[in-house]
Amino acid sequence: MRTVLAGCLILLLAAIKFPQAPPSTIFFDDFPGGALDRSKWNVIVTGADGFATVNDEQQAYADSPDTIGVLDGADGADGGVLAIRTRHKPAFKAQDGKSYDFVSGRLDTRSKFDFTYGTAAARIKLTAGAGLWPAFWALGNGDWPATGEIDIMENVGDPAWVNFALHGPKYSAGKGLVQRSYFTAPADATSWHVYAVRWTKDTLVFMVDDRETWRVTRAMVERHGRWAYDNPKHLIVNQASGGVYPQAVNHVTTPYPGLPQATVDLLKDGRALMLVDWVRVTRP
């Protein structure tokens, strides 16, 4: 009888779903106070600390109120909002001595915050414009692509979709692993959305508004090259313009690679904004 009762108790306990402990937040910024918290973020400047333009991008990154600001509010957001604005600024001279016709903003958490495993998420609103190249991503702290890159949200100005990507040894740049996620009309990338990746030892799960859209396992990656996602990575938020990837999608060559005149006009008007409501990283 005792054996039977014990067996029933085990079955009963197995059927009960005990509440899970809520995830712990290890990084969070909802951009309060009207100014960027530089204890959390670095502002990248083209030509400073060895930072160079890559991918034939047409902008320089500048630490300026023209390119990076914190707004007191924005439609559909609560409290402060990070605003990254790409602008037309002909013959802008960067610290690397080169001239650029566009300036924009790029932030990262290198040396301030990195993590290995967890869920990284951000609530973001984009501007449509062929050749704009906003991104929210995580990058390894060592040599690229050996230490891996996780593109949590990437867009090249088409509001109908965003993409996710992985770059690592033997699967980088044009050989990176890429997946598009299409919105269901009337929603598009110009609306607020939460973009996230859940990163574990053997899996990367990409999500839009808590909906799983792409699941990548270690075995899938290792068909192409070494799994580069077992080491610390820092966060990056930026908006580039033109360059190799936008041009591969829109095939525009003039007036700039990947950047048509209609988008140049948008930039001249100061209307190319990437808005970020908050950024959060959690662990179970």
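## Charges over rings

A charge is taken to sit over a ring if NZ of Lys or CZ of Arg is within 6 Å of the ring centre and within 35 degrees of the ring normal. By that criterion Arg-180 lies over the face of Trp-161, at 3.8 Å from the ring centre, and Arg-280 lies over the face of Trp-278, here at 4.5 Å from the ring centre.

## Basis of the values

The model is predicted, so that local features need pLDDT of at least 70 and side-chain atom pairs count only at pLDDT 80 or more, while totals for chains, interfaces and linings use all residues. Residues are numbered from 1 along each chain as its sequence is written, and side-chain values use heavy atoms, with hydrogens and water left out.

## Aromatic pairs

Rings of Phe, Tyr and Trp (its six-membered ring) pair if their centres lie within 6.5 Å, with planes under 30 degrees apart counted as stacked, over 60 as edge-to-face and the rest as tilted. A search of the whole structure gives 12 aromatic pairs. Among them, Phe-113 and Phe-115 are stacked, because their ring centres are 5.8 Å apart and their planes stand at 15°. Burial is judged by relative accessible area (buried under 20%, exposed over 50%, partly exposed in between; 1.4 Å probe, protein chains only); Phe-113 is buried at 12%, as is Phe-115 at 3%.

Trp-227 and Tyr-229 form an edge-to-face pair, with 5.1 Å from centre to centre and 80° between the planes. Trp-227 is buried at 2% relative accessibility, and Tyr-229 is buried at 0%. Ring pairs also link Phe-27, Phe-31, Trp-41, Phe-113, Phe-115, Tyr-117 and Trp-199 into a cluster.

## Salt bridges

With a salt bridge defined as a side-chain nitrogen of Lys or Arg within 4 Å of a carboxyl oxygen of Asp or Glu, the count comes to six. One of these joins Arg-38 to Asp-63, whose closest N and O atoms are 2.9 Å apart. Arg-38 lies in the loop between strands S1 (24-29) and S2 (42-43), and Asp-63, 25 residues away, in the loop between strands S3 (59-61) and S4 (68-71), where strands are DSSP runs (E, at least two residues) numbered from the N terminus. Arg-38 is partly exposed at 45% relative accessibility, and Asp-63 is partly exposed at 41%.

Glu-212 and Arg-215 also meet in a salt bridge, at 2.9 Å from N to O. Glu-222 and Arg-218 meet in another, at 3.8 Å, and salt bridges with shared partners join Asp-202, Arg-218 and Glu-222 into one network.

Technical notes
Helices (H or I, at least four residues) and strands (E, at least two) are DSSP runs, numbered from the N terminus.
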